Amino acid sequence: SHPEHPQFLLFPAVGLACCLFPLVVFQQTQEPKHLPVFVVSTLSWVYFCAPFLYRELPLGDGGRILSSTHLGSLAFYPPLSILAFICGYYALLWLPKPLFEARQRVSGPTLHRVAIWLCLGSCGFTMINLVIPGVMVRLGRTVGILENLGVFGVVLALVCYLRGGLKWSGFICAGAMLLMRVCSDVVSTLFSGIVSIVACIFIAVMLERRRIPWKFAFVSFLVLLPVFMTRYSHREGEDSLYAQSPFLSVSQKVEQGLLVAVTDFLKFDWSSAATAIEETLSTRLENVSFLGHCVYLHTNGKAFKHGETIRGLVYALVPRFLYPGKPLQDHGDVLSTEYGFKGPGPDCAINFPWLADLYINFGFAGMIVGSLLVGALFRWASSLAAYGIGDMNLLMFCNLFQWFLLVEGNLSMVLSGILQALVVWWVISRYIRPLFRDTLSGGEVLPHTRGTRRHPGQAL
């Protein structure tokens, strides 16, 4: 749309072609291994490359410095980093054995029963947080998987439905859980949780039906767009919905969430939807000004961090209750204040995208090399989950995918979350297998493995 800097169009165009390559391959082969690299590279492209196609290059919130001197580098290095990520993902030659068999499918009655128990377990987790506030926070992300019990229950209930085995009891439990989770996120005006839930449902349908559910994606977009666009109106003032959300009961959150969602949807001006989307793309979904601000500071004398911000990986697997002095993940507060993205104080936090995190540590070369390594790690983690093929692998893959989506998260947080999730699933794979004694490990072969005797990790 008549870009402000047409001389830089080649770089985002090449980057887009690289991002679409995994999608084209998936359409031809239907191999799910192409899904993570497609999603992560495309999100990175939207944040760092797409802004060069807009009529006006975004300038952030006005407090960021985007020097014209560095525009060439800002247009060149992000697409190159995305290409490095894709190369690192596909170039990983050693693929680990999946934690669960790729052919492992749970029988209908067991699948239905586990879905209900997961939903009830999520309710229990919520009650513990209400009765003993902060108890889970003290345990850290070591037990973070408990926060996803409800999502896992919904996913398994959906799979059970697609196989024709969902009963009314499972439908009611999963529907109530989904309603509670979505309404709670609407009331908090934070939509990352909703995006995560939609992504998990998308993955479950795609892997079960062996095709991309475009209709579901389109309908979800239309339903959530009005609520997403009007979320800021619910954050203003001391009596705003955002300010009240921590003090509302579960039933009140459901009631308020439904009311807000329906009202915002009915009152939304659809004639201005294109303008609203354009504004969101050029404000909320851009990180060129973020990276440009960092580049300006470092090219004018600010020293690079040389790995300081990612040292938290060393302590990733140590629970905080065992190491009370464990360094905090405070990039969104301390680091963003240091770089001038926000003022001091806990009123808000601005996290560093992991491409920008790589830059402030090692410069542009670090962005490329780091992206190559991150791509390889994402492929390694996805291989452990057999890319979601198999019922237990599906839950594990959904858990990992929630971290893959955090392109705006700092590298230490994202990689720590992935490693912690893998450890939890490793424990589950060793000690929870008796629950699945009635799995079909040899008699039923999934479509993608039919006619092959290769190792599941290789067959995918």
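## Helix H16

Helix H16 (residues 391-404) has 14 residues that at 1.5 Å a residue should span 20 Å, and its end C-alpha atoms are 20 Å apart, which agrees. The expected span is 1.5 Å times one less than the number of residues in the helix. Helices here are DSSP runs of H or I with at least four residues, strands are runs of E with at least two, and both are numbered from the N terminus. H16 is mostly covered, with 14 of its 14 residues buried; buried means under 20% relative accessible area, exposed over 50%, and partly exposed in between (1.4 Å probe, protein chains only).

## Model and overall fold

This is a predicted model, in which local features need pLDDT of at least 70 and side-chain atom pairs count only at pLDDT 80 or more, while totals for chains, interfaces and linings use all residues. Residues are numbered from 1 along each chain as its sequence is written, and side-chain values use heavy atoms, with hydrogens and water left out.

The protein chain contains 18 helices and 0 strands. Of its 460 residues, 50% are buried. Among contacts (heavy atoms within 4.5 Å) with a separation of 6 or more, 79% are between residues 24 or more positions apart. The accessible surface of the chain is about 22,200 Å², and 65% of that belongs to carbon and sulfur atoms; the areas come from the Shrake-Rupley method with a 1.4 Å probe, and for residues only the protein chains shown count as cover.

## Aromatic pairs

A search of the whole structure gives 23 aromatic pairs. Rings of Phe, Tyr and Trp (its six-membered ring) pair if their centres lie within 6.5 Å; planes under 30 degrees apart count as stacked, over 60 as edge-to-face, and the rest as tilted. Phe290 and Phe341 are stacked, at 4.0 Å centre to centre and 20 degrees between the planes. This pair links distant parts of the chain, 51 residues apart: Phe290 is in helix H13 (residues 288-299), and Phe341 is in the loop between helix H14 (331-338) and helix H15 (354-384).

Phe341 also pairs with Phe352; the ring centres are 5.6 Å apart and the planes at 85 degrees, so this pair is edge-to-face. Both residues lie in the loop between H14 and H15, so the pair ties together parts 11 residues apart in sequence. Phe341 is buried at 6% relative accessible area, and Phe352 is buried at 0%.

Elsewhere, ring pairs link Phe11, Phe76, Tyr77, Phe304, Tyr359 and Phe364 into a cluster.

## Charges over rings

A charge sits over a ring if NZ of Lys or CZ of Arg is within 6 Å of the ring centre and within 35 degrees of the ring normal. Arg231 lies over the face of Phe228, at 3.8 Å from the ring centre. For Arg379 over the face of Tyr89, the distance to the ring centre is 5.3 Å.
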